[in-house]
Amino acid sequence: MTSPIAGGVDCDLHPALPHLTSLLPYLNDYWRDQVTTRGMTDLESQSYPPNSPISARSDWRPVKGKAGASLRDLTTQALDPFDTSIGICNPLYGLQMVFSEDMADAFCRALNDWLAKEWLDKDARLRGSIVIPIQSVEKSVAEIERCARDSRFVQVLMLVMGDMPLGKRAYWPIYAAAERHGLPIGVHAGSNYHNPPSSVGWGSYHIEDYVAQAQAFQTQLTSLIVEGVFAKYPRLKMVMLESGFTWLPSYVWRLHKFWRGVRMETPWVDRAPMEIVRSNIRFSLQPVDAPPDPETLNRLFDHMQSDELLLFSTDYPHWQFDGNAVLPDGLSPELVRKIMIDNPYATYTRLGGAGSKESAA
Amino acid sequence: MNVQFRPSADGSVTAKTAIADCDIHPARRSMKDLYPYLAKRWHDHLETYGGHAYQGMMVGPPYPKAQPNASRRDAYPPEGGVQGSSLSFMQQQHLDPNNVALGVLNPLNTGQGLRNQELSAALATAINDWQIAEWTSKDSRLKGSVVVANEDGVASAAEIRKRAGDKNFVQVLLLSRNVEPLGQRRYWPIYEAAQEAGLPIGVHAFGFGGNPITASGWPSYYIEEMVGHSQCQQTALASIVLEGVLERFPKLKMIMIEAGFGWAPSLAWRLDRVWQKLRSEVPHVKRPPSEYIKDHIWWTTQPMEDPERRDHLFQTIDWIGWDKLLFATDYPHWDYDEPSRVLPAGVSDANRAAFYLGNARELYGIA
């Protein structure tokens, strides 16, 4: 394994909300009453069945409760072992599955307040992503505006599978707000299950849903690029979280080839797709979908033709690696520094740059 | 990949090395071409109600193609009709000048993916009779694909058994997009019959099963559909592996047609990695998924992966195996791959020969 270096930024941590009722202190009377009177169940998504071997590493499972629900566990298991200075929290609570935009809005506001109070307030290394009520673009923009006042929120979080492809113009006010506040859009694996979880329908198994996340990321990149999101918002960064990245080179070859063939259809795409990826798209390191030999991995890095695309992540508490082998074998020291420090700070401008954080660490 | 405006070849047979073309699209001038092979009832039905597919358009595709009929503008036959509808012009423009020794026909827009299953089955039988009568019996280089009413496994199996042993056919044709992912049980009778008949299954990109072409709903553009076929194919293949189809039908061979091949290594690595952790959910998948893919899956080449650096292409093919690629042009479609320009310099003679012809001959059992 390659050794991590101190001062890194972990871009994909998943603090778990213990239960829907944990949001009660952050809800108004009406919604508190709705949750209790209607006996609403916990909004846990089947993207990550709680007992699935990939939903939490066995040695990261607490005796009681959800993995990732304890601040102490998260800091001692995910931050301390790698001398991480900054950890970005991406709550994966199933609010995107809700159908009512009013309910989603109330719950998202509560979740973001919960994150600030129970996590960000308690450990200075933690930063947050703003979970938005994607059921309403207007309410999503309002929530971004509300949370952006707190500089500890460094990203807006969306799921890779939703009602519409992410490039669709209806979503653009969200991207405008994010760009305005220097917030990258984090696109995380997962679905609201309003569409079949694959482009060929409903599979039978959890493992199929998980494998299909990678294909969902591919179609979303196509949508974001060809709809012209980055022509309109050139300073906007999007981070693909838990997407895998080894599919990127061959995916871009195909997109590039068809773009050359039919670019008359989307004339606003005035740069080659790979150029757009290099300037606007980033990927979390985990999972590394490659065999564990350095030669293959380094060939893949060569195919990616950039050392600026990957951002360090543990994906805590999900299983992606064992022990402390968060970095795959064969990374050069230069690439380790890029992945762990330089690339994340260049992406998340709200972190204020590497220098200040390193001295703080 | 660009629209072809080249003047037609003069038809003279050159000294070019013989090739296989594993994806040729013969077209009907109109649906009426199938009437001789279709009961009168269905003529009336089609004219009254249309095909009733899993998509909304009465005529034509939901995403307008880049070119009329998605085909080369120089491929209109001189005697009239749509591109790909004339055998003599196909011979003159493509088969003869490119020295195609084996051409595999993949008829599209047939009866696959219709909601009316009886009509779908009748059209499948008709298109198979039509392939023999109009194409394979007239040019021995051409071989047909057994088109099946894919959503009706029992009817499909019957059609496959009917064609078993008929040397006019070299594979069974499915499309990647169906009502359910291709590994699902409703399609198993197709695999069972194909294995029994010793016919590989060709899975061609496209089709309509009612599912949006992304897991996030319908995108806006034709390019998204075209690029998206690769993602559909990946998911369809994952379903085939994870449902245990290749464990259950161990002699089955499958060909991924017109959906790229560069994604295969990454998909296989991802499958292996997750399977290690989640195999208790799929105990019927007994070996690492990559092994099933390695043993059972072939890929056609068009549209050819086209990275800036050819060593990236060669490394990718090394991961897949030079013995697993089948050259294809996609004639007469607009994104046709020109045989002489597809493979960069630097490939050994043996690999080149396998790529252009040897692999196809071996897989399809054509001497």
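Reader: How many residues does the contact take from chain A and from chain B?
Author: This is a predicted model, where local features need pLDDT of at least 70 and side-chain atom pairs count only at pLDDT 80 or more, while totals for chains, interfaces and linings use all residues. Residues are numbered from 1 along each chain as its sequence is written, and chains are lettered from A and ligands numbered from 1 in the order in which they are written. Two residues are in contact if their C-beta atoms, placed from the backbone, lie within 7 Å. On that basis the contact takes 59 residues from chain A and, from chain B, 58 residues.

Reader: Which element gives the most to the side of chain A that touches chain B?
Author: Helices (H or I, at least four residues) and strands (E, at least two) are DSSP runs, numbered from the N terminus. Elements α6 (206–227), α8 (248–262) and α10 (294–304) of chain A each supply at least two residues of this side. With 16 residues, the one that gives the most is α6(A).

Reader: Why is strand β1 of chain A largely enclosed by the rest of the structure?
Author: A residue is buried if 20 or more other C-beta atoms lie within 10 Å of its own, exposed if 12 or fewer, and partly exposed in between, with C-beta atoms placed from the backbone. Strand β1(A) covers residues 8–13. It is largely enclosed because, of its six residues, the number buried is six.

Reader: Which residue of β2(A) is the bridge partner of Gly8(A)?
Author: Two strands pair if DSSP finds at least two bridges between them. Four bridges join β1(A) to β2 (residues 84–89) of chain A, and the two run parallel. In β2(A), the partner of Gly8(A) is Thr84(A).

Reader: Which residues of β6(B) point the other way from Met254(B) and Met256(B)?
Author: In a regular strand the side chains alternate between the two faces of the sheet. Strand β6 of chain B spans residues 254–257, all of them buried. Met254(B) and Met256(B) point one way; pointing the other way are Ile255(B) and Ile257(B).

Reader: Which residue of β7(B) stands opposite Ile255(B)?
Author: Strand β6(B) is joined by four bridges to β5 (residues 201–204) of chain B, in parallel, with Ile201(B) opposite Met254(B). β6(B) also pairs with β7 (residues 297–300) of chain B in the parallel sense, over three bridges. There, opposite Ile255(B), stands Trp298(B).

Reader: Is Gln305(A) buried or partly exposed?
Author: Gln305(A) is found in the loop between α10 and β8 (310–311) of chain A. Its phi is near 55°, a positive value in a residue other than glycine. With 17 other C-beta atoms within 10 Å, Gln305(A) is partly exposed.

Reader: Is Glu242(A) buried or exposed?
Author: Glu242(A) lies in the loop between β6 (238–241) and α8 of chain A. It has a positive phi of about 60°, although it is not a glycine. With 27 other C-beta atoms within 10 Å, Glu242(A) is buried.

Reader: What is omega for the peptide bond from Gln286(A) to Pro287(A)?
Author: Pro287(A) lies in the loop between β7 (281–284) and α10 of chain A. The bond from Gln286(A) to Pro287(A) is cis, with omega near 5°.
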